[in-house]
Amino acid sequence: QVQLVESGGGLAQAGGSLRLSCAASGRTFGSYAMGWFRQAPGKEREFVSAINWSGGSTAYADSVKGRFTISRDNAKNTVYLEMATLKLEDTAVYYCAKDRFATRLGVTQRVQDYDYWGQGTQVTVSS
């Protein structure tokens with residue numbers, strides 16, 4: 001079993017920044033890609049960003065490219081999402097998730113390719 005716990009969400013003004021963290025349990029964290037997704041009220045869960053097991057490959061949704069940065073620290077079993085220049089439309093519950101396949105060469109953006117999810121952390125951007 002893997003447990004993922006997100007933190008760092010909260011209220012930010014448009015144009016501001018937040019840093020999300022996702023702490024994972026287990027000794028195999030460093031073997032799996034990790035992803036960040038978000039879900040706004042009334043909308044489907046959508047891909048935000050992902051990073052492969054080594055940190056050498058990343059991907060971003062077009063809506064956050066250039067504003068968000070994903071990173072990981074395998075020694076701390078933690079993945080991060082630095083969010084800058086926040087927009088009102090970034091308001092959502094943000095979830096981290098673990099890829100179901102170890103040592104995938106790249107990253108995947110598909111929800112169904114992730115098998116463990118955190119409980120989510122709310123990010124609210126105000127004007």
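Visitor: What makes strand 4 and strand 5 a hairpin, and which residue in the turn has a positive phi?

Guide: In this predicted model, strand 4 and strand 5 form a hairpin with 6 residues between them, and Gly-42 in the turn has a positive phi of about 80 degrees. The two strands run antiparallel and are joined by 5 bridges. Pairing requires at least two bridges, so strand 4 and strand 5 count as paired. Within this pair, Trp-36 stands opposite Ser-49 in strand 5.

Visitor: How do you know that strand 4 also pairs with strand 9?

Guide: The criterion is at least two bridges, and 7 bridges join strand 4 to strand 9, which run antiparallel. Therefore strand 4 and strand 9 are paired. Arg-38, for example, has Tyr-94 in strand 9 as its bridge partner.

Visitor: Why is Asn-77 called buried?

Guide: The relative accessible area of Asn-77 is 16%; the limit is under 20%, so Asn-77 is classed as buried. Asn-77 lies in the loop between strand 7 (68-73) and strand 8 (78-83).

Visitor: What makes strand 1 and strand 7 edge strands?

Guide: The open sheet has 4 strands in the order 1-3-8-7, with antiparallel pairing. Strand 1 (4-7) and strand 7 each pair on one side only, and they are the edge strands. Neighbouring strands of this sheet are turned by 15 degrees against each other on average, direction ignored. Inside the sheet, 6 bridges join strand 3 to strand 8, and Leu-20 stands opposite Leu-81 in strand 8.

Visitor: Which residues have the most contacts inside the largest nonpolar core?

Guide: This core has 33 residues, and those with the most contacts inside it are Trp-36, Phe-68, Val-79, Leu-81, Met-83 and Tyr-94. Elements giving two or more residues to the core include strand 3 (18-24), strand 4 (32-39) and strand 9 (92-102). Among the residues that Val-79 touches are Leu-20, Phe-29, Met-34, Trp-36 and Ile-70.

Key:
Residues numbered from 1 in each chain as written. Predicted model: local features only at pLDDT ≥ 70, side-chain atom pairs only at ≥ 80, totals over all residues. Heavy atoms only, no water. Buried < 20%, exposed > 50% of the residue type's maximum accessible area, 1.4 Å probe, protein only. Core = buried A, V, L, I, M, F, W, Y, C linked by side-chain atoms within 4.5 Å. Contact = heavy atoms within 4.5 Å. Axes fitted to C-alpha atoms, helices over the stretch in contact; angles between N-to-C directions. Lists of a residue's contacts leave out its neighbours within four places in sequence.
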